[in-house]
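Hi everyone, thanks for coming along. Let me put a structure up on the screen, and then we can walk through it together.

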Amino acid sequence: MKLSDLNLFSIREKTQLLREKGNYLATRTSENYYIKLYTIKGLYFEVWSSSHLPWQNIVRVKVFNDFQMLKPYLPAIYFSENKLSL
């Protein structure tokens, strides 16, 4: 599974893949959204939803493999210069 291929998937295709193979990691909130983080084979998926109900009102599914994108989910200590060398 390649990141470039997944970026061509529709929101519906990405959410179906997550239902079948995804592993839930965490949830964070922003002013208007609930953002759930999932992983599949070293890739990360953010599911942006405007609702508390799972899989409803999904407005975006972002796929990435950059560890730095996990910063909103992890304590700041993981990103100090002494701790992280990727």
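Four strands make up an open sheet here, in the order E1-E2-E3-E4, with antiparallel pairing. A quick word on terms: strands (E, at least two residues) and helices (H or I, at least four residues) are DSSP runs, numbered from the N terminus, and two strands pair if DSSP finds at least two bridges between them. At the edges of the sheet sit E1 and strand E4 (58–64), each pairing on one side only. On average, neighbouring strands of this sheet are turned by 20° against each other, direction ignored. Angles run from 0 to 180 degrees between N-to-C directions, and the axes are lines fitted to C-alpha atoms, for helices over the stretch in contact.

Before I go on, please remember that this is a predicted model: local features need pLDDT of at least 70, side-chain atom pairs count only at pLDDT 80 or more, and totals for chains, interfaces and linings use all residues. Residues are numbered from 1 along each chain as its sequence is written, and side-chain values use heavy atoms, with hydrogens and water left out.

What packs on the sheet? Helix H2 (residues 11–21) does, touching E1, E2, E3 and E4, and its direction makes about 70° with that of E4. Contact, by the way, means heavy atoms within 4.5 Å.

Now look at H2 itself. Its buried residues are Lys14, Thr15, Leu17 and Leu18. Seen down the axis of H2, these fall within an arc of 155°, so they line one face of the helix; the arc is that of the directions from the helix axis to the C-beta atoms. Buried means under 20% relative accessible area, exposed over 50%, and partly exposed in between (1.4 Å probe, protein chains only). On the other side of H2, Arg12 and Glu20 are exposed. The buried residues of H2 pack against helix H1 (3–6), E2, E3 and E4.

That brings us to the nonpolar cores. A nonpolar core is a set of buried Ala, Val, Leu, Ile, Met, Phe, Trp, Tyr and Cys residues joined through side-chain atoms within 4.5 Å. The largest one has eleven residues, among them Leu17, Leu18, Tyr38, Ile40, Phe45 and Val61. H2, E2, E3 and E4 each supply at least two residues of this core. There is also a second, separate core of eight residues, including Leu37, Tyr44, Leu70 and Tyr73.

Let's go back to the strands. E1 and E2 form a hairpin with four residues between them, and six bridges join these antiparallel strands. Strand E2 (residues 34–40) is joined to strand E3 (residues 43–49) by seven bridges, again antiparallel.

Which residue stands opposite Asn23? That is Thr39 in E2. Asn23 and Thr39 are 16 residues apart along the chain, yet their C-alpha atoms are separated by 5.3 Å. Asn23 lies in strand E1 (residues 23–29) and counts as partly exposed, because its relative accessibility is 47%. Thr39 also stands opposite Tyr44 in E3.

Finally, the whole chain. From the N terminus on, its elements run α-α-β-β-β-β, which comes to two helices and four strands. Of its 86 residues, 30% count as buried.
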